[in-house]
Amino acid sequence: MAVIEARNLTYSYPFADKPAIEDINLAIERGEFVLLTGPSGCGKTTLCRCFNGLIPHFYGGKLEGEVWVAGLKTDEHPIHELAKHVGLVFQNPENQLFALTVEKDVAFGLENLGLPRDEIRRRVDWALKVTGIYDLKDRAPFELSGGQQQRVAIASILAMQPEIMVLDEPTSFLDPLSARSILETIYQLNRELGITIILIEHRLDLAARYADRIIVMDRGHIILDGEPRKIFLDDRIKLVGVGLPKVVRLYLALRDDNVNLKRVPLSPEEASRLIAEVLNSDRS
Amino acid sequence: MSIFEGLRFKTISSPIHRIDPRAKFIYVCVLFAIAVLFSQLIPLLILFFSQMPLIIIAKLKREWLRLMRGSMFFAAIIFIANMVSLYFYGGTQSLAAVVEHSLAMTTRFLILVESFSIFFATTSPDMLSLSLEQIGVPYEFCFAFTTAIRFVPVLAEEAQTIMDAQKARGLELERGNFIKRVKNYIPILIPLIVSAIRRSMELAEAMESRAWGASKKRTSLYSLKMKTKDYIFIVASIIVLLVSIYVRFFISIPSVTELMHLG
Ligand SMILES: Nc1ncnc2c1ncn2[C@@H]1O[C@H](COP(=O)(O)OP(=O)(O)OP(=O)(O)O)[C@@H](O)[C@H]1O
Ligand SMILES: [Mg+2]
């Protein structure tokens, strides 16, 4: 069974006159790196809140259909039980760190679970090292840069060793350089630890290269779902106003001029390789 | 802000910082008790200055000076209030005695401020919360306490940002009479409150996502253990208290006024 599965999922917030997400059907396999994108207000955050039980347990409202996560039906299990399987990293790093030192923040979830002290110690040190912030462990979170804070947030989720990590625009408060390095770290968690990643991201330029799969939402619906190179060539993506990565636009521009690259590039490095190939084959 | 500066914990380390918060708390209570026990100027002054070694060991000299300067306003009020009430309603005391007694009350106030600041400036909020937890205060309260401390600088910065933004749109804070000035702050308060509510929603979401309330018996990364030096510190504090009680009841202390008459 898929690690996340939604069947005919429709949800309305309390007092809302229409659903925020409607008729969502979705299956995500273990180990996938999924990029979730779409215009502002289309329901990305709402969908992610369904994955760890914040919806319906925290928000209330009206939920129809079913969501299964790691074999658990989300409306039948409390958030703290789902939290062992799904970790959520939020947009604003400042509002998801509570403690007065980085180390205690990373320990927070484990303390809540009531794990023995030496186990907490071991996992905290491990998570700090994997995310590259071990040296910051005695600092206060509010003294850190945005990128460092977001690393702390990721470490604090990682320490709980979830199978699935959902990251809601984790880089939108960051400059491109820190954004890039955070995304690299997330990719590494996916490749090396096999954690299933669901990443909400507007900056496809930065994020598309890591994704196995892209899901595009619009007005509460999933409108496209598939392999990135296919998604970018679909005309519907332009209609919803998702900005294509520059390298994809380059591919399209070249295609209009009858220069056909072997496939759609997802990163500048790949693009330059593909262009070099075309140039070489022209010459020979 | 200058008063709070003296109470703010700074991440430095000293022998005083490393004493168990519970031991330090007993010490502060002893200081309070002694300050209340005596009402004469000489013993209170001795008590006030006997804290100096501690302040120097804890590397708090500059904070101490700032704190004293910040307390001057309240100290002056206490002095004047005492002077007025004693002079007009205190019966037949001489002016010198009235002044001495008022100074004594002011010194008592400064001792309270001073010992409070030694405690808070050398105890990290984390340690404080941990010791509250270990003496049986429910974790929810300790969490609320550390979170409040954690968000003071964030909210202060936010208030500043909102103030700058509203000023840039032409809001004049320093304009008009008192009522007008209070009203001027409404365009700052409302965004501040709205954003604090939004922030607390996000915090609650993040807490839930990290298994808040999962286990009845929550564990903790650290635990505080009383060490020999902490016990010594407590015993020393209690001895000081006992000696003070003895002195208070069995030895008569002259007042400064009396000493001057003798000399
Ligand atoms: N807490 C809430 N209560 C009521 N309605 C909400 C709440 N959060 C979001 N909504 C509504 O649900 C819809 C989807 O919002 P959502 O936040 O999921 O969009 P999003 O795709 O994450 O957008 P963005 O890219 O701006 O983050 C919007 O119409 C929004 O107004
Ligand atoms: Mg969102």
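This is a predicted model: local features need pLDDT of at least 70, side-chain atom pairs count only at pLDDT 80 or more; totals for chains, interfaces and linings use all residues.
Start with the place where the chains meet.

Asn92(A) sits in the loop of chain A that runs between strand E6 (86-89) and helix H4 (102-113). With a relative accessible area of 14%, Asn92(A) falls under the 20% limit and so counts as buried. Setting aside neighbours within four places in sequence, the contacts of Asn92(A) are Phe173(A) and Glu202(B).

Helix H7 of chain B (residues 125-134) brings both chains into the picture too. Its buried residues are Pro125(B), Asp126(B), Leu128(B), Ser129(B), Leu130(B) and Ser131(B). These pack against H4 of chain A, and within chain B against helix H2 (21-37), helix H6 (95-121) and helix H8 (139-168). Just past the end of H7(B), Gly136(B) adopts a positive phi of about 105 degrees.

Chain A itself is assigned two domains, domain 1 (2-243) and domain 2 (245-284). Their C-alpha centres are 33 Å apart. Contact between them involves 10 residues of domain 1 and 15 residues of domain 2. The area buried between these domains of chain A comes to about 1000 Å², with 62% of it from carbon and sulfur atoms. The two domains also share 3 salt bridges.

Glu270(A) is buried at 8% relative accessibility, whereas Arg263(A) is partly exposed at 38%. Elsewhere in chain A, salt bridges with shared partners tie Glu103(A), Arg121(A), Asp125(A), Lys137(A) and Asp138(A) into one network.

Over all chains, the search finds 32 salt bridges. Among them is the pair Lys73(A) and Asp75(A), with the closest N and O atoms 3.4 Å apart. Lys73(A) is buried at 15% relative accessibility, while Asp75(A) is partly exposed at 34%. Another pair, Arg122(A) and Glu119(A), comes to 3.1 Å between the closest N and O atoms. Both of these residues belong to helix H5 (residues 117-130) of chain A and lie 3 residues apart, about one turn of the helix. Arg122(A) is exposed, at 51% relative accessible area, and Glu119(A) is partly exposed at 22%.

The surface of chain B carries a nonpolar patch. Ile26(B), Ile238(B), Leu242(B), Ile245(B), Tyr246(B), Phe249(B), Phe250(B) and Ile251(B) make it up, with about 800 Å² of accessible area together. Helix H11 (residues 228-250) of chain B gives the most to this patch, 6 residues in total. Ile238(B) is located in that helix, and its 38% relative accessibility makes it partly exposed.

Technical notes:
Residues are numbered from 1 along each chain as its sequence is written. Chains are lettered from A and ligands numbered from 1 in the order in which they are written. Side-chain values use heavy atoms; hydrogens and water are left out. Patches are made of residues with over 30% relative accessible area and no salt bridge: like charges are joined within 9 Å, nonpolar side chains (Val, Leu, Ile, Met, Phe, Trp, Tyr) within 5 Å. Accessible areas come from the Shrake-Rupley method with a 1.4 Å probe; for residues, only the protein chains shown count as cover. A salt bridge is a side-chain nitrogen of Lys or Arg within 4 Å of a carboxyl oxygen of Asp or Glu. Helices (H or I, at least four residues) and strands (E, at least two) are DSSP runs, numbered from the N terminus. Buried means under 20% relative accessible area, exposed over 50%, partly exposed in between (1.4 Å probe, protein chains only). Domain bounds come from an automatic or database domain assignment. Contact means heavy atoms within 4.5 Å. Buried area is the accessible area (1.4 Å probe) that two parts lose on being put together, summed over both.
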